[in-house]
Structures are given as structure tokens and as C-alpha cells.
Amino acid sequence: MKILRLLLLLPLLALAHGDDLYLLKGAKVFIADEGFVAKDILVDDGKIILVDDFIENIETGDVIDVQGKFITPGLLVFSSLGLLEIGALPETNDTGSDIYNAGFDPSRAYNPFSQAVRLNRSKGVTSTVNIPGASGYFSGMLTYTKINGGMKQKKQGPLGLVTRYGQSYNDSRAANLMYMEDLFSYVRTNHDDNYADMTQFMLGTTNEYKFTSRDFKAIKKVLDNAIPLVVQVNKATDILNVLKFAEAQEIELVLWGANEGHMVANEIAAAGVPVVMDPLNNIPSTFDSLNATYENVTRLNEAGVEMAFYYEQGAGAHNAYLATQSAGNSVAMGLDYSEALKSITSNPADIFGLVNVGYISQGYDADLVVWDNDPLELMSSVEMVMIDGVKQDLSNRYKELTDRYTKELDKPNSYRSRE
Amino acid sequence: MIKKLLVILTALVLFGCTEQTSTLFVDEAEGSVTNYENDTHGTYASTYVPLPSENTVIRNATVFDGDGNKFINYDIYFSDGKISAMGRDLVVESAIEIDGTGKYVTPGIIDNHSHMGVYPAPGVRTSSDGNEATSPNTAEVWAEHSVWSQDPQYKLALAGGITTFHVLPGSANLFGGRGVTLKNVSGNTVPDMKFPDAPHSLKMACGENPKRVYSSRGPSTRMGNVAGYRNAWIGAENHRDHLEKDPSHRDIKNETLVGVLDGEILVHNHCYRADEMATMINISQEFGYKVSTFHHGVEAYKIANLLADEGICAALWADWWGFKHEAYDMTIANIAIVDQARGGTGCAIVHSDSASGIQRLNQEAAKALAAGREAGFDISEERAMTWITKNPAKSLGILEQTGTLENGKDADIVIWSGNPFSVYSKAEQVYIDGALAFDKATNFMPHTDFDLGVKEWEDK
């Protein structure tokens, strides 16, 4: 079997460019559904071309000894990376829009040189799904972006249309369900050609009720089942209403947040609806989350709900990489280790139908992270990050600041070296 | 008939309690009068009574004592609410025996920056009581008069090992008002939770927040902030002079500020930027008071030696940054650099400022420790443990009572399932003054009135 695979590989090797060819040898590699297993990985031209128990040394290219290390797929986070430099400064914040809502795709503002991007890359993040923040009825589109250095990034999307349901509106949540039904029926019964004239769906007094043709087209994508509706919702009864709504509308659904999801875990599982969440959300921070609990993650898992994790605590917008901490804590809460690690790598890829990312498997993009130890542990560190087979610069601003204030202390700090 | 009798009995018991509490209250009040004249003659003193406790010995655990030491296969014995003995193979009489094999024992974790109670959950306008944002100087307000004793967040912090926390007013104002140090116990009143004899504190704030909140009426600049502090201290000096002529004169704003000048009230100063912290130190020197602790201090590492020289603690996050301009120059090594300043004489504290973060201060310390080692410092886990135990206790003026595991101190103790610097470890048991306050195995913990009728699913 192995010989056969190697034979199949030979033509590939013949084609390989020496510069882009890497053999990572001797690490414990995270294979979804298997956990960490000893494997060698062969990378060429940005792709994983072989994952096997033992791969013979290659003659060209780089053999990287990663004996005893841990390799995971690059972390796939949900964040504002590249769209937000300083939270309180609107000048540096491109996450939101007042003009558009459903049709708003913030990823077009992506800045690869953001310090937050650098930090997160150095901490094992290889791609982000942006969280849109438009002010209207819909927050906008989800788009997937790789966070490699340089000007060019691969994107996939749109992946979903984000809205929220629950206490956030002034109107009754009952009225909001009716409104969504009416809005969807309106978009269904009108043709694309008419959208230009439909600048306002209903006479509303706030921006929430205004739609441009771009917004209607985005809603249509959901109605055509091209993308799921992603609903930020927490209250158990609201979740049931959203599940019923999606079923009646025959649309794909992803739940986001779902602090009380555990109370209706079986219903969510039966509907085959995935949940994007932070397992650390255990505070009854609103009346929609009175039953928030650390048990959410295990109860959803036991019911068979597919989950992806993000990190929402503290400076979550800038520290999206701490999804590892959310995942680690979920293990402490009783979640199976592999399930936790999948929830920040392959599960988000599966949930949003991403192509060729999230797994360490033949044919997938070579987005890999080498860790010195258990990647979910707080004191482990990243030793190498590869995005599309390219080794990434792991410098970041905090390490540069650290150096400035711990080295060459005999010089005034402004004259210390800048590496 | 039986019901009636029960009611009478209950009333008697309640009355008895009240009487007992009053007696205690007088004792506490006298202590307070001696130490803290600005506590308005004890009226607001602690009425905290520890939960009933039993003499207990934890055996064969790994102990971080909070004072920078680690002991293996150690026993710790506490009786009458105090730590009575520590060592190997302790011989004790009639105590509850707990097998600590494979477990870690630490002092109760202390968070010196919390807004639990003043920003309780659920976060709604009607109970948002943390910022008296009506004037740049509200030194007259006391956080303890906002605290909601039924906040359901306390027990979540307890499950993370928190035995003491310091509730501060928010940072909208130059002078936000007095903070209060609480034991993490449920109480019907705030004095029932107050840490006995803990000094009062004063919240001050630098930088962006006050200048943003008061941009239209001033201060609207950092220099305006500084003028605001200095004018207020001059006012406090005038009040103190006036008191010499008229000792009965009341001015609750200046009573707080004079309490600081007299060294009775500890200054807790929200301040991010290094240059601003240095300015705040200058101001403290101009008026002869001491800053106990700078809070948030994202740039504390830039003046770590100055802080060590001045004996000022810095209460910091491990890795928060970027949410505003003055929080941009973050390094995760901040805490370690402050700790290691001047040959390891710095006073570094991991704080939360978050009802979520307070549940995992041990994890925040772990990240800070890892970054410190990455920066080249040789820092042990037992040293890092001081960041969430001894140092916050020192910062709050309660180190004589708690913060380290030493004979005679309050038996505020956490038993962890494993190394507290691991993400997989959980607080299994938490003791406050020797009384079991949280037990993970039996789900034993306090429930507030607010919790009633909420967690119906728990019984399903």
C-alpha cells in the first residue's frame, strides 16, 4: 500500500519545484477524527501532497525536522482581523456600514498589514472569517480570508448572511418574525430587475428597515440556498422560533452564540443546524441568556450538534487566536479533545463549505502550524506557520516592544535596534 | 398552629442573628474608627460573619503558598477559620481529612479590579451603577452603595477560585469614587460581604475616558485631566486646613481625598500610558500621597523600574489590547517585565476588569508567565502565583489577613484538580475563612435570589 502511494507520488515529485517543497518529519499530526498521530507531511507548491506514516527524505527542497512537535491545521477564526486596528477609533474601523446591511461585505476593506493580523498569524491563525457589523436589519456577509503576509490574499465567499434575533430590537420579537416572513416573501416575489426600484422595503423610521438593491440580492442568495442565514440568537425559545422559520422558508441555517442552545440541543441537532459559539460564555449577561452555562458546549455536543468556536472574551477582536483557550476550556468542561480542536480548524470549514482548508490531508492547502506542545495549552508556543506552503514571518509588534524594553538597556529606547 | 410556631421561631432566630450581628458590628466599628476615620465613624463597617467551618486538613498536595514558594507532598491544616499548620505528615486531632494527592493547593485568588455588583448581570440600564458620570470629580460616591448583593456573577467567580475581589467605580471620572473590597460570600447586604478592616480605596482615571466623557465641559485634554487632579488635591488641602478650625465640618467629597492625603485610603489609578503614569507619580509627590496601584497599565513595562523604585503595583491584563488608542502598545510580557524590574522587586498583578476574566485569572497568569519566559526571564510558577494572590492582597492592604498560605492567616484556600497554570485544571473546592464555599463535585455553591426559577433545566 505504502509503496503504491510512493509510486503514485513519483510523478508529483518530478514536477515539484525545489523551492516550494517541504518535508515535515516526525511530528504528531492532528488528523480530524483520529487525533494526534505520528505522520510525515509532504508539501509542494502550496498544497499538502502526501501525509503518511513515513516518507523517505526528498533530494530537493527542505526537510524540516519537527520530531516531538505538534502540527495542526492553521487556526480558522471568526474575527475582525484586518478590518479593525483600534476599536475606539472609527477611522481605523471598517467592520460596519450604515449604507448597506445584507449586501455589506467588509472583507473588501481587509488590511493585511494590520498589527492584529501579524499577532494572530504569529499565534497560529492562518485564516479568518470576518464578522460583519452593519447597523441595519442584517449585519452583512461572512467572507473567508487567508491572513498570509503581503498584498494578495485568497478569499472564499460569501459564506453566509448574518442577522440577529432576540432582544436587540425595539419591537417585539414576535413582530420581528412577522417582518422577516414578509421581507423574505417580498424578495421571493420580486425579480432581480426590480430591486433597483425597491430602495425601501417598508416605510420605516430607522435605517434597520432600509434596503438597497445590493441588500436584496444578498437576501436572495439565502432564499436560493446559495448561502445560509447566520442568526445571532441566544434565548432557547428564540432559537426554536428561528429553527421553525428556517424550516418554513426552506433555507439553510447556522446559529451563532446560542448561549441557551443546550436547552434545545435535541431540536438543533434534529434540524441538522450547526452552531458557532464561544464555550466560555457562561454569564447571564442579558435576559436572553439567563441560562448561560459552561455546560452548553458538552450538552450541544452530546446531542450531536456540529460546532465551531470563536473567542469573545476581553479583547477578542484583536486576540482571535485565543480560540485555543476557548477550545482548551471546553475540554476541561468535558468535551472530547479532538472535537475541541476540530471546532477551531475543520468544523468551521465544513460548516461554511470552505474548499481545501481546515484539514491536514492530501490535496488540501498547506496551512500548517507547528507547536512546541499541546496547542490548546496556555503555555505552548507556535514555532512555525505555513500558509499555502509559504513559511510565514512570525515577528509581531508585541515581541518588538518587548525587545525594545528588555534589550540594549544602555541605550535610550528610541535608539535601540529595530529588528 | 405548627405553621404559626415556625414563624415565631424563625422570627426569633432572625432577631437573634440581628442582635449577634449588631454586637459584632460594634466591635468592627471601633476598629474602623481607630484605623479609618473616613469610614464615617464605622456606620458602613463590615458585618461579615464567616460561614460555619470545620477543622480540616488537606493531605499530600502540591502547594503554591502565594509567597513565591512551592511545596511538594504537603499538608495544610486549618481550624477556626485560620491556617494553623503546614508541613509534611501533620499530626492533627479530629479534622476532616481531604486527600490532596495529585491536587494543587493555592491561596484564594484575589482580583483587585472588578465591577461585579456595580455592573451586575444581566447588564441592563436599570442596574448599571458603576459610573457616576455626572462630574469629573465624584470622590464622594462609594461603589459599595451601588453594589447589588444578588449579582449572579459572584458564584461564577467563586468557581474560578476567587475568594476576595475589589469592586471599583468606573473610569469615566478623574476621581470615580471609593472602591470596596468584598469577600466572595453571599450576603443580603453589602456590609455582610465587606472584607473586615480592608482599607477604603479611591478610583482615579487617566487618559482617554475622562477627556472623552467630559469633552464638551472639560477636561477635554490630558493636560486638562492633570489640572483637574491638582485642583482637586488643593481643594482637599484647603478642606483639611478648614477642619482644624471646624472639626465638625462635613464635605464627603473632600473626606475621601483627605483620607488619601492622610494615608488611610489607597489610590487605585486607571492609567494606560507610561508617560501618564509618570505624571501621576509626580502629582502624588506634589501633594504627598502614594499611588497604591496603577490599573490596566498596558505600557507599564516601559516604566517598570520606576514603578519598582516607587513601590507601586501594576494590575494588568495578560493580553488585552487594541480596543482603544492608549491600549495599543501591548506586550504579553508586560506582567513579567514589571515583576522582574530591579532584581525582581516589582509588584505585578493580574487583574480582570471582567466578569468573564475573573473566572480564569489563573489562566491569564499562565499566558503572562509563558510570555515572560519567552522574553528570556527565568520565572517559576510559584512566583507567577504571587501575581494573583499575594500582590493583589498587598495592593488592597489586606496582606496581613489573606493572600498567602501562612499560619494565622484567613483560611482562604483553593484546591485545584491539577496544575492551575494548565487550561484543563479546575478549582474543585474553595474555602473562605475555613468554610467550604464551593465544591465542584457536589455542585455546592451559593445561589442568589435572582437564580430562583431560572435554571429549571438543571433538574431535568
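Residues are numbered from 1 along each chain as its sequence is written, and chains are lettered from A in the order in which they are written. Because the model is predicted, local features need pLDDT of at least 70 and side-chain atom pairs count only at pLDDT 80 or more, whereas totals for chains, interfaces and linings use all residues.

Chain B contains 11 helices and 16 strands; helices (H or I, at least four residues) and strands (E, at least two) are DSSP runs, numbered from the N terminus. Along the principal axes, the C-alpha atoms of chain B occupy a box of roughly 65 × 60 × 45 Å. Of the 460 residues in chain B, 56% are buried. A residue is termed buried if 20 or more other C-beta atoms lie within 10 Å of its own, exposed if 12 or fewer, and partly exposed in between, with C-beta atoms placed from the backbone. Among the contacts in chain B with a separation of 6 or more, 69% link residues 24 or more positions apart, a contact being a pair of residues whose C-beta atoms, placed from the backbone, lie within 7 Å.

The interface brings 35 residues of chain A into contact with 43 residues of chain B. On the side of chain A that touches chain B, the elements giving two or more residues are α8 (323-332) and α11 (397-406) of chain A. The residues of this side comprise 19 nonpolar, 15 polar and 1 charged; Ala, Val, Leu, Ile, Met, Phe, Trp, Tyr, Cys and Pro count as nonpolar, Asp, Glu, Lys and Arg as charged, and the others, Gly among them, as polar.

The largest nonpolar core has 247 residues, and those with the most contacts inside it are Ile71(A), Leu161(A), Leu255(A) and Ala323(A). Helix α9 (residues 361-374) of chain B supplies the largest share of this core, 7 residues. Such a core is a set of buried Ala, Val, Leu, Ile, Met, Phe, Trp, Tyr and Cys residues joined through C-beta atoms within 7 Å. Beyond residues up to four places away in sequence, Ala323(A) touches Leu75(A), Val77(A), Phe309(A), Tyr310(A), Tyr311(A) and Ile344(A).

In helix α8 (residues 334-344) of chain B, 8 of the 11 residues are buried, so the helix is largely enclosed by the rest of the structure. The buried residues of α8(B) pack against α11 of chain A, together with α7 (304-310), β12 (313-316), β13 (347-350) and α9 of chain B.

Strand β10 (residues 229-233) of chain A is mostly covered, with 4 of its 5 residues buried. Strand β9 (residues 155-164) of chain A pairs with β10(A) in the parallel sense over 4 bridges, where pairing requires that DSSP find at least two bridges between two strands. Thr163(A) has Val231(A) as its bridge partner in β10(A). On joining strand β11 (residues 253-257) of chain A, β10(A) again runs parallel, over 5 bridges. β10(A), helix α5 (residues 236-249) of chain A and β11(A) make a right-handed β-α-β unit; right-handed denotes a clockwise path from the first strand over the helix to the second, with the strands pointing away from the viewer.

An antiparallel arrangement is also found in chain A. Strand β14 (residues 368-371) and strand β15 (residues 382-387) of chain A pair in this sense over 4 bridges, and β15(A) pairs likewise with strand β16 (residues 390-391) of chain A over 2 bridges. β15(A) and β16(A) form a hairpin with 2 residues between them, and Asp388(A) in the turn has a positive phi of about 50 degrees.

Most residues other than glycine have a negative phi, and most peptide bonds are trans. A cis peptide bond joins Gly157(A) and Pro158(A), with omega about 5 degrees, and Pro158(A) lies in strand β9 of chain A. The bond from Gly218(B) to Pro219(B) is also cis, with omega near 5 degrees. Asn225(A), not a glycine, has a positive phi of about 60 degrees and is exposed, with 10 other C-beta atoms within 10 Å.

Technical notes
Two residues are in contact if their C-beta atoms, placed from the backbone, lie within 7 Å.
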